[in-house]
Amino acid sequence: MLLQQLTISYECLSSIGNSIELESMMSEIVITFSRKTGAVTGSYYHHRNDAEPLIRIGKTIAFNLSDYNLSTQEYYLFTKDDKQIVVLPLKHGYLKFIYKDKEESIQKLASMFANFKQKINLSIAACNGVKQLEELNDDLEDRVEKSVKQIRENEKMLISQSKQVVMGEMIEMIAHQWRQPITSIGMIANNVLFDMALGEIKETELKISIDKINTQVMHLSKTIDDFRDFFKESKTEQITSFLEILEGTMSIIDKQLQGHNIEIIVLNKSLNTSFYTYKNELIQVFLNILGNAKDAFDDKHLKNKQITIAAVSKGKNLHVTIQDTAGGIETEIMQKVFEPYFSTKMKKNGTGLGLYMSKIIVEEHLHGTLTVTNTTDGAMFEITIPLKERNYE
Amino acid sequence: MKSSYFHSVAEFLQSSQSIDGIKLLLIAEKCHFHHSMIQSLHMQCYGAIFPEVIYKNKHYDDGLIVLELEQKPLCVENIDNEIDANINLLGISSMIVFVDGLSAHIDSFLFSIFESIDEDCILFGGGAGKLTLQQEKVIFTPDAIYKDAALIIPLTQKLQVGVHHGWEYLDGPFIATSTQDNLLKKINYADAYDIYKEIVQKDSGLNFNNNNFFDIAKSYPLGIVTMDGEVIVRDPILTQDGALLLVGVMPENSIINILKGKKENLIQAAKNAAEDAYEETTNAELIFMVDCISRALFLESSFTQEIEAVKERVGNVEVLGVLTLGEIANNSKAYINFYNKTCVVGAICSYNS
């Protein structure tokens with residue numbers, strides 16, 4: 001008899017706390033307790049006032065407990081017809097087992113169940129804790145998802161703002177590029193008019209002047225083409241080379257840099273390895289970095305204004321450095337230069353988006369890296385992008 | 001309940017005066033039977049295939065027993081599914097249940113049956129199948145033959161059931177520390193087969209090899225200890241990667257013993273089962289034995305003594321039955337048990353006593 005009691009105790013005890021999911025955990029308890037002790041039905045009510053059990057196995061036998069106060073005793077025994085009912089109140093709900101013709105052993109069974117009460121309560125608390133944690137986790141996932149969505153929206157907005165800024169800067173660059181040829185055209189036209197007024201105009205000289213005007217007009221036209229190409233959206237990666245990127249960049253900004261007496265030194269200019277990339281986006285990055293260098297020189301009124309651009313192939317990557325002699329970036333703000341809306345150029349209406357957008361372009365679109373460090377003379381931006389041999393899109 | 005034994009299906013079909021009436025066919029494994037034989041004749045035949053059948057004082061591995069039924073049996077075509085809502089078991093006070101004895105879903109099916117029947121409903125039955133121990137289609141209706149199925153035969157008569165096995169404690173207790181349905185993987189955290197083999201080889205003086213597992217294991221079943229002192233026997237039939245494959249489920253953390261048998265005790269157990277089922281005061285029409293095939297294999301030629309022991313107790317009442325892969329019975333007070341190596345005797349009694 002002792003072995004049988006130990007057996008049932010062990011088997012019932014072993015069924016407690018085997019799952020972190022409440023329904024599954026309590027289901028195993030109800031099934032094991034019922035079957036091992038020969039209950040006709042077993043049920044678990046999650047709350048004292050629940051009308052329906054969360055778990056029920058066996059026969060459906062009505063026995064209403066709403067008239068009883070189940071809060072004082074370890075367990076309750078009831079009798080109805082030939083049935084014996086054991087109720088085990090738990091911290092919140094209760095377990096109920098109904099037996100048939102078990103008058104002799106019912107007291108022992110109820111005592112045994114009562115011994116397991118604390119372990120059952122702890123297991124229920126553990127399940128509830130896990131459930132709360134899961135809900136919290138779900139909520140956290142929702143919040144992260146919303147935040148990511150918000151970040152994406154912000155990025156879109158930033159890109160849009162960045163484009164507007166670039167447009168503004170471009171107009172300034174176009175103005176620089178056009179100023180000299182327009183001045184030349186004006187001067188040639190005035191000279192022709194002056195000669196006509198003096199009656200000294202000769203056909204050969206007129207033709208030379210018109211040719212000069214045409215040359216300047218072609219230069220203007222080329223400038224327009226360069227800018228238009230730049231503003232074309234790169235939908236797919238194009239085959240290009242470092243040289244082409246550099247020429248595309250300089251065709252837009254060189255006049256502006258020259259106007260500020262900034263010398264451009266290009267090393268490895270002959271690097272013409274072909275690769276696939278988003279050409280105009282890479283040009284935008286170069287323009288941002290060169291534009292920042294120009295602004296840095298303006299702020300510091302330096303005499304020796306040099307920007308050195310070097311390119312080299314390293315394995316399957318193109319490694320480009322853009323190094324200026326503008327004194328470098330203060331250590332305190334070095335970590336922030338790639339953050340959105342961070343700018344040191346408040347007086348010049350800096351938006352603080354240029355380097356942020358450059359970082360996004362290089363690292364997310366071109367799958368490369370963009371970093372900045374200080375050298376002895378100034379700042380050095382390093383761009384590394386893959387030399388893709390094929391367009392995989 | 002009129003019954004007959006035929007040596008073959010052909011003999012049964014030739015003897016049938018008409019195709020009318022509902023019949024229960026209990027077919028022995030070696031009997032030549034194709035379901036198309038009854039399907040093509042549109043006969044209302046329901047039934048199952050068993051390793052052997054018992055008729056009067058003999059047991060047969062060939063031939064069939066035919067019983068005339070008053071009510072149409074209900075077939076659960078796939079016992080892994082919930083019982084069809086169209087199958088209403090309420091209002092039935094007694095029934096016989098045959099189930100695919102090698103199905104992995106017997107336990108859950110019997111649980112569903114328990115939930116679906118009246119509180120006072122008495123039932124008994126057993127597992128159909130063949131001694132090849134390969135799961136096949138063994139449960140049939142007039143329309144089809146199924147595996148993983150069950151046949152519920154409602155009775156209009158009163159039923160009294162006796163259950164005994166006669167196996168005795170050899171060693172234990174052990175804990176079934178890892179199980180999966182009817183696979184016993186670990187005993188006391190070690191490979192179940194290793195523990196079982198050591199004890200059985202020591203007691204029997206025989207050694208297991210690749211081909212003789214069931215020959216030795218048939219004499220050494222496992223027993224699950226229950227609260228009221230009853231031991232539910234589980235028959236190990238095969239080994240599988242260090243685990244023991246049983247007929248019937250073994251819940252994890254069950255406390256088990258290894259059992260062994262004496263022929264005289266098993267025969268006495270059958271007599272006790274008949275004693276529990278049969279009361280002279282009641283008007284028994286028929287005694288239906290559901291006896292495990294492995295008892296017959298263990299008892300060998302002495303098995304007829306087991307039938308005689310039952311017959312002796314019930315006098316002139318006709319005795320028939322089946323040798324099964326697992327036995328089913330309930331006492332209406334708790335769950336329906338699926339036994340192994342057990343003798344279940346059902347006394348089908350007229351209400352007019």
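Predicted model: local features only at pLDDT ≥ 70, side-chain atom pairs only at ≥ 80, totals over all residues.
**Exercise 1.** State how many helices and strands chain A has, and what share of its residues count as buried.

*Solution.* Start with the elements: chain A holds nine helices and twelve strands. Then turn to burial: 30% of the 393 residues of chain A count as buried.

**Exercise 2.** Find the order of the five-stranded open sheet in chain A and identify its edge strands.

*Solution.* Strands of a sheet pair through backbone hydrogen bonds, either parallel or antiparallel. In this sheet of chain A the order is β2-β1-β5-β4-β3, and the pairing is antiparallel. β2 (55-58) and β3 (76-80) of chain A each have a single partner strand, so they stand at the edges, with one side of each left without a neighbour in the sheet. Next, take one pair: β1 (residues 41-45) and β5 (residues 94-100) of chain A are joined by five bridges. Within this pair, A:Gly42 has A:Phe97 of β5(A) as its bridge partner. Last, helix α2 (residues 22-37) of chain A lies across β1, β2 and β5 of chain A, at about 30 degrees to β2(A).

**Exercise 3.** Describe how helices α7 and α9 of chain A pack.

*Solution.* Two packed helices are described by the angle between their axes and the distance between the axes. For α7 (residues 279-300) and α9 (residues 354-365) of chain A, the angle is about 145 degrees and the axes are 9 Å apart. The crossing of α7(A) and α9(A) is left-handed. Residues making the contact include A:Val285 and A:Ile289 of α7(A), and A:Leu355 and A:Ile361 of α9(A). By class, the contact residues of α7(A) with α9(A) are five nonpolar, seven polar and one charged.

Note on methods
Residues numbered from 1 in each chain as written. Chains lettered and ligands numbered in written order. Helix = DSSP H or I, 4+ residues; strand = E, 2+ residues; numbered from the N terminus. Buried ≥ 20, exposed ≤ 12 C-beta atoms within 10 Å, placed from the backbone. Axes fitted to C-alpha atoms, helices over the stretch in contact; angles between N-to-C directions. Left-handed = near helix turned anticlockwise from the far one by under 90°. Contact = placed C-beta atoms within 7 Å. Nonpolar A, V, L, I, M, F, W, Y, C, P; charged D, E, K, R; others polar. Pairing = 2+ DSSP bridges.
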